[in-house]
Amino acid sequence: MDQGTRLDQSTRLDQLRGSGRAKRHNARTIAALTGNPGCNRRAVLDAAGIDKQRLAERVGHPGSFGQSRFALSRGNAFEAMLKADDCALLREVLAADAGLGYQDLGADTLSDRHEQTVKVLADARSALIDHPLLTLDVAGQTVYLEPDLIAYAHHGRLQVVEIKSFAIVDGQADSAKVSAAAVQAAVYVLALRDLMERLGQDPSTVSHEVVLVCPADFSFHPTAVVLDVRKQLSTLRRQLSRLAAVTGLIDALPAGLTFDLALEPEELVAALAHVEARYAPECLSACELSVYCRNEAAGSTAALGRTVREALGGIDSVGEVLDLAEGRREPTEDQAEAAAMLQAALRLRSEALSLVPEARS
Ligand code: SF4
């Protein structure tokens with residue numbers, strides 16, 4: 001993208017955002033970009049740095065987002081316990097080399113911390129690096145990222161260490177939480193590889209295996225597991241390049257369109273209607289606008305999830321599904337296969353219900 005195009009795009013994004021300050025991304029919001037990759041609405045809103053949580057509130061559909069206060073304080077207490085005495089307990093869990101140094105980069109300002117992180121990594125000294133600060137370019141914005149720790153050890157390999165307070169019980173943990181942690185850690189791996197490249201070092205020294213440290217069973221005692229985040233890395237790369245290429249989407253929007261949070265709610269609703277959404281149930285855990293989009297998508301087959309949408313390709317509304325299943329509507333050529341399947345499903349359901357005495361009465 002040349003300088004002129006970049007400036008034009010940045011002016012257009014400022015216009016879309018209006019008077020509010022651009023909302024900065026963090027590892028969680030970048031990770032959330034992988035949740036619903038096909039949604040144009042989120043791509044545009046995120047590229048413009050619009051505060052989606054406030055937008056959802058303005059249009060009357062706030063969601064409950066973020067961690068509860070209890071989860072936050074449990075998380076902080078767990079992390080403080082692991083990091084006490086220069087990470088003594090964490091070293092035990094990581095089975096880290098006794099000679100492994102410890103460097104706390106908890107400097108005052110973000111830029112100081114980032115500078116120190118770059119210096120330590122450039123020096124390639126074996127250490128547990130606490131409070132590192134990385135950067136990543138997201139749609140032309142520099143985003144600061146704060147991994148819990150970076151372990152620079154194990155034969156010159158760099159490894160991201162992520163501390164989470166959800167429990168691993170009998171070797172099993174909540175799969176949604178583990179996969180969210182894996183995507184978040186992949187964001188740090190990506191940023192770390194970018195940095196190594198800028199330092200003229202081999203990015204592959206940053207391991208695609210990250211260490212997740214969580215409380216074990218029902219205690220507060222820590223345990224560590226290794227996660228391979230290669231799949232998450234390629235999804236993230238795809239999403240970030242898509243976000244950087246929102247020019248096409250933005251060019252297609254009406255001139256003067258804005259999501260300025262100072263507008264009246266009806267005006268914001270009208271503005272949202274100009275950008276296509278792709279609601280899926282997964283949005284509920286990944287996007288601040290989910291309650292609004294779910295409400296908007298009510299009655300559509302897409303709102304029932306990807307499996308239903310794919311199985312019923314070409315049939316957009318639940319009303320149409322019922323009409324086709326009950327034979328009140330002639331299917332088009334494209335719908336014939338799905339209609340036959342729906343009619344068979346309805347027949348089976350009716351047969352099954354006819355065998356249940358309460359359903360007959
Ligand atoms: S909640 Fe809405 S804006 Fe967010 S990803 Fe889903 S469809 Fe897109």
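Confidence came first, since this is a predicted model. I found the lowest confidence in helix H15 (residues 357–360), with a mean pLDDT of 63, and the highest in helix H10 (residues 265–272), at 97. For the chain, the mean pLDDT is 86, and 93% of the residues reach 70 or more.

Next I looked up the salt bridges, and the count came to 13.

I went to Asp-130 and Lys-83, whose side chains meet in a salt bridge at 2.7 Å, N to O. This pair links distant parts of the chain, 47 residues apart: Asp-130 sits in strand S2 (residues 127–130) and Lys-83 in helix H5 (residues 69–94). Buried or exposed, I wondered about Asp-130? Asp-130 is buried, because its relative accessible area of 2% is under 20%. Lys-83 is buried as well, at 11%.

Then I turned to Arg-113 and Glu-146, a salt bridge of 2.8 Å, N to O. Here too distant parts are linked, 33 residues apart: Arg-113 is in helix H6 (residues 110–123), and Glu-146 is in the loop between strand S4 (141–145) and strand S5 (149–153). Arg-113 counts as buried at 10% relative accessibility, whereas Glu-146 is partly exposed at 45%.

I also checked Glu-326 and Arg-328, whose closest N and O atoms are 2.1 Å apart in their salt bridge. Glu-326 is partly exposed, with 42% relative accessible area, and Arg-328 is exposed, with 53%.

Last entry: I noted a network of salt bridges that links Arg-42, Asp-46, Lys-52 and Glu-288.

Terms used. Residues are numbered from 1 along each chain as its sequence is written. This is a predicted model: local features need pLDDT of at least 70, side-chain atom pairs count only at pLDDT 80 or more; totals for chains, interfaces and linings use all residues. Side-chain values use heavy atoms; hydrogens and water are left out. pLDDT is the predictor's confidence in each residue, from 0 to 100. Helices (H or I, at least four residues) and strands (E, at least two) are DSSP runs, numbered from the N terminus. A salt bridge is a side-chain nitrogen of Lys or Arg within 4 Å of a carboxyl oxygen of Asp or Glu. Buried means under 20% relative accessible area, exposed over 50%, partly exposed in between (1.4 Å probe, protein chains only).
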